[in-house]
Amino acid sequence: MSLKEEIKSFFKGEVFDDNSTLEKYSRDASLFVVKPAIVAVPQNTEDIKNLVKFAGKHKKEKISLTPRSGGTCMTGGPLSESVIVDVNQHLNHIKEVGNGYAVTEPGAFYRDFEKATLAKGWILPCYPASREICTVGGMVGNNAGGEKTLAYGKTEKYVEELKVILRDGNEYTVKPLAGIELKKKLDSKTIEGKIYKEIFTLIDKNYELLQAAKPKVSKNSSGYYLWNVWDKKTFDLTKLLVGSQGTLGITTEIKFRLVKPKPHTKMLAIFLKDLKPLAKIINIVLSYKPESFESYDDNTLKLAIRYLPDFIKLMKTNLFSLAWSFLPEFWTAITGGIPKLILIAEFAGDSEEDVTRRATNARTALKEFSVRSRITKSDKESKKYWVIRRESFNLLRHHIKGKHTAPFIDDMTVRPEQLPEFLPQLNEIMAQYKLVYTVAGHIGDGNFHIIPLMDMTNPESRKIIPELSEKVYDLVFKFHGSMSGEHNDGLIRTPFLEKMYGKKVMALFRKTKKIFDPDNLFNPGKKVDVSIEYSMGHLAEK
């Protein structure tokens, strides 16, 4: 009996092994191609439970399960040579939106989830730039962050409970525990109790080492977040499962905490020709407490102009209206040249007067730098900046012929006050390579997305990726930063985790995986135990 037939014998959902489907699931938004053996689309939670039990019985055959949802990961996180479990097709129901919370299945698209929460006056503020195409399960798996992270924090802060299927094929509710509840769980003789006890012991025994290992930046998606689980009062395994990329179990339900969106916003756009005063400008703007503080470079702006028809569609406008809205930028370019970096700070508040005052005061405070800036007059005017910032990666992916978007140094984070030292050294490294690339990012968090364009059929390009990665990450680690602020590790960064955290902490990561998943059933080769040779051996050629 074939693997497909064996799975179909107990599976209510769809099971595919045709070449067309396997090719589709061989890719995400990363550089990699990994062809699965089977794609299983569960109809319900029972299907996933039965899949896990099946994989456990066939561990000698090394059958593994890799959860996948929107397929927008930039690291190769949902790629596997074994069984892909697509939760996007059927496990996509938004079950409840209540007073300050929502309960949802992992396959729900964020765009649909947001419509449902906004209808009740709430929002999940940790959405990433891929908000129109990502799912909430992927946000949890990667510990997503985005434009509002500066004010609100990342996904890890908004997960109140998770339902997760562990290695025994049973579903468990994971939530913060303390006191008698925690003691009861630690004393339990079940698989769940064993996991709790072993993780508790590991963390408690290595508490100081783990606290010291926590990256000293505002955003981090690299490694297992063991330092966040136990604060000597409350033990919260959701803090470990968030960002684990499906390597410890399969999430079937999420309870999110929600916040009230601020009703008024005002944007300050700043156009920099000279990057020398960047750090001072960042610190001044941050002192006025923007909700978001983003950036993109001249290459990103040129990209939007180059692919104007697509940009018009994204703006839901026409050419005349778009040209009219860009008159101030055209005038800035004519009189002062195209800026090297555009910063957009959005101020949010409960009154129009408050946001206008803070945006105006921030702009006034920047006069000493003689930089061009403007305050937008409407939400529609602000939208053009957001569309450029959010959609540049997709424009690159879909339009550049002969070259591939190469996200491999796409998510580094350092503290904003370090930028005057960090950026010149980063530019020196990048100057060693003749690459065309865009730079965008969450400037208020010191988080940069550098996306080169590369011809992946050229052997030289394939050689550059590990070489340039190592140089850039060495620089990031020198500044005690993180190589991933929000995109996670996957195939592209897992091989560098030991460099980031050291041998002792990496050993704790491996032990964590072993405690949850001794038979390597869940998404192997992510977070631990994948070589740079394996990753580079699966680079796409187009």
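Tutor: Because the model is predicted, local features need pLDDT of at least 70 and side-chain atom pairs count only at pLDDT 80 or more, while totals for chains, interfaces and linings use all residues. Residues are numbered from 1 along each chain as its sequence is written, and side-chain values use heavy atoms, with hydrogens and water left out.

Student: What makes a set of residues a nonpolar core, and which residues have the most contacts inside the largest one?

Tutor: A nonpolar core is a set of buried Ala, Val, Leu, Ile, Met, Phe, Trp, Tyr and Cys residues joined through side-chain atoms within 4.5 Å, where buried means under 20% relative accessible area, exposed means over 50%, and partly exposed lies in between, with a 1.4 Å probe and protein chains only. The largest such core has 120 residues, and those with the most contacts inside it are Phe-235, Phe-256, Phe-422 and Leu-468. Helix H19, residues 459-478, gives the most to this core, with eight residues; helices (H or I, at least four residues) and strands (E, at least two) are DSSP runs, numbered from the N terminus. A second, separate core of 20 residues includes Val-15, Val-52, Ile-165 and Phe-522.

Student: Why is the link between Asp-17 and Lys-4 called a salt bridge?

Tutor: A salt bridge is a side-chain nitrogen of Lys or Arg within 4 Å of a carboxyl oxygen of Asp or Glu; the closest N and O atoms of Asp-17 and Lys-4 are 3.6 Å apart, so the pair qualifies. Asp-17 lies in the loop between strand E1 (14-16) and helix H2 (19-24), and Lys-4 in helix H1 (residues 3-8), so the pair ties together parts that are 13 residues apart in sequence.

Student: What links Lys-232 and Asp-204?

Tutor: Their side chains meet in a salt bridge, at 3.3 Å from N to O. The pair links distant parts of the chain, with Lys-232 in the loop between helix H9 (207-213) and strand E10 (234-235) and Asp-204 in helix H8 (residues 191-205), 28 residues apart. The structure holds 28 salt bridges, and Glu-498, Lys-503, Arg-510 and Asp-529 are linked in a network of them.

Student: Why is the pair of Phe-113 and Phe-256 called edge-to-face?

Tutor: Rings of Phe, Tyr and Trp (its six-membered ring) pair if their centres lie within 6.5 Å, and planes under 30 degrees apart count as stacked, over 60 as edge-to-face and the rest as tilted. The centres of Phe-113 and Phe-256 are 5.6 Å apart and their planes stand at 65 degrees, so the pair is edge-to-face. Phe-113 and Phe-256 are both buried, and together with Tyr-110 and Tyr-127 they form one aromatic cluster.

Student: How do you know that Lys-260 sits over the ring of Trp-122?

Tutor: A charge sits over a ring if NZ of Lys or CZ of Arg is within 6 Å of the ring centre and within 35 degrees of the ring normal. Lys-260 lies over the face of Trp-122 at 4.4 Å from the ring centre, so the distance is within the limit. The charged end of Lys-185 sits over the ring of Tyr-196, 5.7 Å from its centre.
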